Amino acid sequence: MSRSVRIRRVALATGTATALAATLFVAAGAHADPAPAAAPDIDVKAVQADLGQLQSIADANGGNRAHGQPGYKASIDYVKGKLDKAGFTTEVQEFDNNGAKGYNLVADWPGGDEGKTVMAGAHLDSVDAGPGINDNGSGSAGILEVALAVAKADLKPTKHLRFGWWGDEEDGMVGSRHYVDTLGAGKSKLDSYLNFDMIGSPNPGYFVYDDDTRLEKVFKDFFATKNLATEKETEGDGRSDHASFKDAGVPVGGLFSGADYIKTEEQAKNWGGEAGKAFDACYHQSCDTSKNIDEKALDNNTDAIAHAIWELSS
């Protein structure tokens with residue numbers, strides 16, 4: 001039954017202008033623009049399952065997922081397969097470095113203003129020494145599950161949404177620099193770039209990029225709702241893929257849970273864990289396996305990514 005039919009029947013049944021006016025008011029209210037939907041809670045078990053797959057890929061390919069090694073291409077294929085199935089438009093971008101072919105994976109969600117594109121990215125490669133599950137399987141799996149949540153929700157963003165998985169970050173952000181270079185004037189269409197390089201460190205901190213106050217606030221506000229203290233991220237300045245975008249004039253933000261710097265007493269008081277030890281003692285080592293992850297940090301950071309994507313794209 002249509003709304004107009006219901007209105008006429010109510011009016012006839014009551015026989016009063018007051019009832020008709022009240023009904024019309026309700027009907028008009030139903031047409032008001034709804035508030036933007038809140039981001040979903042991302043299932044950390046799904047993120048961990050992706051990390052398990054990346055670990056298996058490394059195990060089957062010489063123990064790593066490094067640039068130029070078969071484990072890296074297998075990682076690209078794994079992520080691409082899930083995105084293709086979910087309805088993303090994906091592109092594998094090739095580049096060469098150190099005599100080996102590298103790959104970036106870029107995935108676009110249909111719809112939204114492409115002149116105002118919100119992009120999230122993470123490097124997918126490991127070092128040669130190990131499987132790279134925290135660095136940076138964690139960020140890669142985190143944005144993958146957020147992207148899949150976008151598809152599951154059939155999100156209709158006002159701004160265009162794009163996700164990227166970068167190759168050969170470990171040799172100096174090679175893949176992301178190549179991507180930015182190929183954009184040319186298209187760089188101006190990027191509203192923001194969010195970077196996630198290590199979000200599940202086993203002795204974690206909660207560091208927020210302070211390069212852009214608007215983007216920083218989105219993350220700090222989210223963590224405030226969780227009663228989690230944050231600090232400005234400085235350890236990774238110039239050391240991860242956001243630098244490629246920042247150098248090109250794109251506003252950047254992101255999250256980081258710590259690498260080889262040492263956790264202080266004050267940080268341990270705020271976040272738990274062990275003072276006097278590295279945030280990730282397995283950084284760039286063979287022990288950076290699926291056991292080298294703090295589930296709570298991985299969960300909190302992945303939910304923060306989803307919150308930012310929903311808020312910034314609305």
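Student: What is the accessible surface of the protein chain, and how much of it belongs to carbon and sulfur atoms?
Tutor: The total is about 13,700 Å². Carbon and sulfur atoms hold 51% of that surface. Such areas come from the Shrake-Rupley method with a 1.4 Å probe, and for residues only the protein chains shown count as cover.

Student: What kind of model is this, and how are residues numbered?
Tutor: This is a predicted model, where local features need pLDDT of at least 70 and side-chain atom pairs count only at pLDDT 80 or more, while totals for chains, interfaces and linings use all residues. Numbering runs from 1 along each chain as its sequence is written, and side-chain values use heavy atoms, leaving out hydrogens and water.

Student: How many helices and strands are there?
Tutor: The protein chain has 10 helices and eight strands. Both are DSSP runs numbered from the N terminus: helices are H or I with at least four residues, strands are E with at least two.

Student: Why is Gln48 called partly exposed?
Tutor: Gln48 has 25% relative accessibility. Buried means under 20% relative accessible area, exposed means over 50%, and partly exposed lies in between (1.4 Å probe, protein chains only). Gln48 therefore counts as partly exposed.

Student: What does Gln48 contact, beyond its neighbours within four places in sequence?
Tutor: Gln48, in helix α3, is in contact with Glu295 and Leu298. Contact means heavy atoms within 4.5 Å.

Student: What makes Tyr193 and Phe245 buried?
Tutor: Tyr193 has 0% relative accessibility, so Tyr193 counts as buried. Phe245 is also at 0%, and counts as buried.

Student: How many aromatic pairs are there in the whole structure?
Tutor: The search finds 14. Tyr193 and Phe245 form a stacked pair, 3.8 Å centre to centre with 5° between the planes.

Student: Why is that pair called stacked?
Tutor: Rings of Phe, Tyr and Trp (its six-membered ring) pair if their centres lie within 6.5 Å; planes under 30 degrees apart count as stacked, over 60 as edge-to-face and the rest as tilted. Tyr193 is in strand β5 and Phe245 in helix α8, so the pair ties together parts 52 residues apart in sequence.

Student: What makes the pair of Phe207 and Phe279 edge-to-face?
Tutor: Their ring centres are 5.4 Å apart and their planes stand at 85°, so the pair is edge-to-face. Phe207 lies in strand β6 and Phe279 in the loop between α9 and α10, 72 residues apart. Phe207 and Phe279 are both buried.

Student: How do you know that the charged end of Lys73 sits over the ring of Tyr103?
Tutor: The charged end of Lys73 is 5.4 Å from the ring centre of Tyr103. The rule asks for NZ of Lys or CZ of Arg within 6 Å of the ring centre and within 35 degrees of the ring normal. Lys73 is listed as sitting over the ring.

Student: Why is Asp303 said to have no salt bridge?
Tutor: A salt bridge needs a side-chain nitrogen of Lys or Arg within 4 Å of a carboxyl oxygen of Asp or Glu. Lys and Arg count as positive, Asp and Glu as negative; His and the chain ends are not counted. For buried Asp303, the nearest side chain of opposite charge is Lys226, 5.2 Å away, so no salt bridge is counted.
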